[in-house]
Amino acid sequence: MLVLRWGASLKVLRKGADEACLREKAKLIMRPDDANVAGNVHGGTILKMIEEAGAIISTRHCNSQNGERCVAALARVERTDFLSPMCIGEVAHVSAEITYTSKHSVEVQVNVMSENILTGTKKLTNKATLWYVPLSLKNVDKVLEVPPVVYSRHEQEEEGRKRYEAQKLERMETKWRNGDIVQPVLNPEPNTVSYSQSSLIHLVGPSDCTLHGFVHGGVTMKLMDEVAGIVAARHCKTNIVTASVDAINFHDKIRKGCVITISGRMTFTSNKSMEIEVLVDADPVVDNSQKRYRAASAFFTYVSLSQEGKSLPVPQLVPETEDEKKRFEEGKGRYLQMKAKRQGRTEPQP
């Protein structure tokens, strides 16, 4: 079976019948409107590709047995590192595989390779883990059960269960975190949080949504990356690229007709990286019965690049208020923790 969507140039190939629901592959050529002025593909564009692949494979799997029809909705994206930049003219190879299912959720692993079609060179650019839940087509507030998968080894199921429990706990812990709102400040000083903070207001239309009236997770992530990129560019005034995205938690669905506000603010800077907190709030303006709510949140990390693509020093953030200083220290802790993990240590070192 071949599915071709020219709007996004997404080409999905089904594998053999025995694994058709468990693996997907897609190809997408990178165009000028996918990239920044330096030719580097936006991180949000790649995140949207990843989510589309995850949504296709998880929706297909959840409808692989007789029963109530459903659509898979994105609940969480684990930390995602951008291992290598992708450029205009390269082909993105996206592969997705279902690696675990619980009673009401699906874990999907997605890999992205970039291919230079002139030289044939291929590079791994992204590895991502996404979690989806199946929502009934008759009632999108109803979560259905997921068909189980057969594991080749018992250890695979046990490892998947541990990942499931860990992400479930963290998602619940972050549901009510960051309840504050990013407020504008008049005449802020350079290198302060207020100087670079940015917001984008977007009216959710039909093109942003599934056929069932709520926003695609990939659309939300792309908007989040755009705002984070503006914050990073304002802070350092150079070419910037997405280096990584911490876990993205989708706390609630965003429906068609909502006005969403995506706000970004700098939380921490190291010598060569910037951490930016991005908050997504939804305002159901056509529904007076529901108040504004926090729909998603995440931390994005950006780096500054020279015209030759080499890493540049980042202007150091100047936190002013007690809340900003607290967020700076929290960001520093996350930075040291990830640095220690990359260096093979279990404890962060100053």
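Leaving aside neighbours within four places in sequence, which residues is Ser136 in contact with? They are Glu68, Arg69, Cys70, Lys142 and Leu144, where contact means heavy atoms within 4.5 Å. This is a predicted model, where local features need pLDDT of at least 70, side-chain atom pairs count only at pLDDT 80 or more, and totals for chains, interfaces and linings use all residues. Residues are numbered from 1 along each chain as its sequence is written, and side-chain values use heavy atoms, with hydrogens and water left out.

- The protein chain splits into domain 1 (20–155) and domain 2 (189–344), with bounds that come from an automatic or database domain assignment.
- Taken over C-alpha atoms, the domain 1 and domain 2 centres sit 21 Å apart.
- The rule picks up two salt bridges across the interface of domain 1 and domain 2, a salt bridge being a side-chain nitrogen of Lys or Arg within 4 Å of a carboxyl oxygen of Asp or Glu.
- There are also 13 residue pairs in polar contact between domain 1 and domain 2, both residues at pLDDT 80 or more.
- A polar contact is a pair of N or O atoms within 3.5 Å; within protein, one must be able to donate a hydrogen and the other to accept it, and residues adjacent in sequence count only if both atoms are side-chain atoms.

**Two helices**

- Helices (H or I, at least four residues) and strands (E, at least two) are DSSP runs, numbered from the N terminus.
- Helix α1 (residues 43–62) has 20 residues and runs 28 Å from first C-alpha to last, close to the 28 Å expected at 1.5 Å a residue; the expected span is 1.5 Å times one less than the number of residues.
- Most of α1 is covered, with 18 of its 20 residues buried, and buried means under 20% relative accessible area, exposed over 50%, partly exposed in between (1.4 Å probe, protein chains only).
- The end C-alpha atoms of α4 are 29 Å apart, which agrees with the 28 Å its 20 residues should span.
- α4 is mostly covered too, with 15 of its 20 residues buried.

**Two residues in strand β8**

- Ser136 lies in strand β8 and is buried, at 0% relative accessibility.
- The Ser136 side chain makes a polar contact of 2.3 Å with the side chain of Glu68, and also reaches the backbone nitrogen of Asn139 at 3.4 Å.
- Thr129 lies in β8 (residues 122–136) and is buried, with a relative accessible area of 14%.
- The side chains of Thr129 and Gln109 are in polar contact at 2.9 Å.
- Beyond its neighbours within four places in sequence, Thr129 touches residues including Arg76, Val77 and Glu107.

- Asn191 has a positive phi of about 70 degrees without being a glycine.
- You'll find Asn191 in the loop between α2 (154–174) and α3 (193–196), partly exposed at 26% relative accessibility.
- Lys237, also not a glycine, has a positive phi near 55 degrees.
- Lys237 sits in the loop between α4 (217–236) and β10 (239–245) and is exposed, with a relative accessible area of 58%.
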